[in-house]
Amino acid sequence: QALEDQYSPSRWSPRLDRDTIIDAHFAVTAAGTERARASAQTLLHVPYGNGDGEKLDIYFPTDPSETFPVLVYIHGGYWQCLSKDDSGFAAPPLVSQGVAVVAVGYDTAPKGHMDAMVLQVRRSLVFLVERYPRIRGIYLCGHSAGAHLAAMVLSTDWMEFQVVPDIKGAVLVSGVYDLEPILHTYVNDVLNMSREVAQRNSPMRHVTPAAPAACEVLVAVAQHDSPEFRRQSQEYSQALRAAGWPVSLLDLAGVDHFDIIEKLSEDSYILTQV
């Protein structure tokens with residue numbers, strides 16, 4: 001029961017009660033994405049593979065130069081809800097500054113299983129690099145389950161893919177980096193992970209020594225995340241630092257598990273600025 005509480009982010013927000021906060025989050029991200037699609041030049045539902053869920057939404061910079069950086073956004077939803085169709089809300093402040101934003105779709109559970117989701121996100125980056133030679137540097141941003149998937153990207157052996165994406169930075173927001181505790185909670189009812197699958201897909205267990213060109217990593221956590229979420233962020237950032245990665249931990253006051261990411265639609269928000 002204690003683990004169930006710790007891994008139920010909706011229980012920890014002082015803003016709204018647990019029954020309304022998730023609905024509110026869905027509404028805010030959907031409305032923000034609608035605004036972004038109305039204001040930016042987009043390419044929606046671009047297939048990066050053959051699977052139903054293997055599609056990207058691309059929000060192009062307002063004033064693209066010859067080459068441009070891209071922020072790849074990986075949505076949360078505990079690997080079982082949300083989609084790329086609610087994931088464009090962060091685009092307006094960035095496209096106005098010459099940055100492309102790509103929202104990645106992946107097959108959520110029960111259709112998708114953990115190994116497959118991790119592989120899909122890796123393959124989406126390979127596709128972007130091969131399809132868009134004008135991209136100058138990739139910045140990963142993932143929220144919650146998406147932060148886990150982004151962290152798994154950092155442990156990729158790119159030799160298998162024969163393409164090495166130029167990942168310049170990763171912003172991991174309110175993530176889960178050790179999946180083992182989740183085996184004992186309601187979250188695993190849908191994911192159906194074995195211990196072996198959880199260990200294989202836990203970024204904490206696959207921190208590689210930093211290469212000379214290791215990207216900067218920003219681990220962000222909310223004041224009103226649960227103690228377990230906060231612990232996971234601290235321990236993962238410490239593990240990266242110990243392996244030589246340039247990493248900083250940003251502990252954001254006055255936000256919870258949901259508005260820590262929703263506010264990326266605002267120009268003046270600290271995480272948008274970073």
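Here is a short chat about a few backbone details and one annotated region in a predicted model.

Biologist: Let's start with Trp79. Why does Trp79 count as buried?

Modeller: The cut-off for buried is under 20% relative accessible area. Trp79 has 0% relative accessibility, so it counts as buried. Look for Trp79 in the loop between β3 (68-74) and α3 (91-95).

Biologist: Which phi value does Asn192 have?

Modeller: Asn192 has a positive phi too, about 60 degrees, and it is not a glycine either. You'll find Asn192 in the loop between α6 (187-191) and α7 (195-200).

Biologist: Is Asn192 buried or exposed, and why?

Modeller: Exposed means over 50% relative accessible area. Asn192 comes in at 66% relative accessibility, so exposed is the word for it.

Biologist: What kind of peptide bond runs from Ala109 to Pro110, and how do you know?

Modeller: That bond is cis, with omega near 5 degrees. Most peptide bonds are trans. Pro110 itself sits in the loop between β4 (100-104) and α4 (114-131).

Biologist: Where does the name "domain: BD-FAE-like" come from?

Modeller: From UniProt, where an unreviewed entry lists residues 56-156 under that name. The annotation may be inferred rather than shown by experiment.

Biologist: How much helix and strand is there over residues 56-156?

Modeller: The chain there is 33% helix and 26% strand, and the end C-alpha atoms are 20 Å apart.

Key:
Residues are numbered from 1 along each chain as its sequence is written. This is a predicted model: local features need pLDDT of at least 70, side-chain atom pairs count only at pLDDT 80 or more; totals for chains, interfaces and linings use all residues. Side-chain values use heavy atoms; hydrogens and water are left out. Helices (H or I, at least four residues) and strands (E, at least two) are DSSP runs, numbered from the N terminus. Buried means under 20% relative accessible area, exposed over 50%, partly exposed in between (1.4 Å probe, protein chains only).
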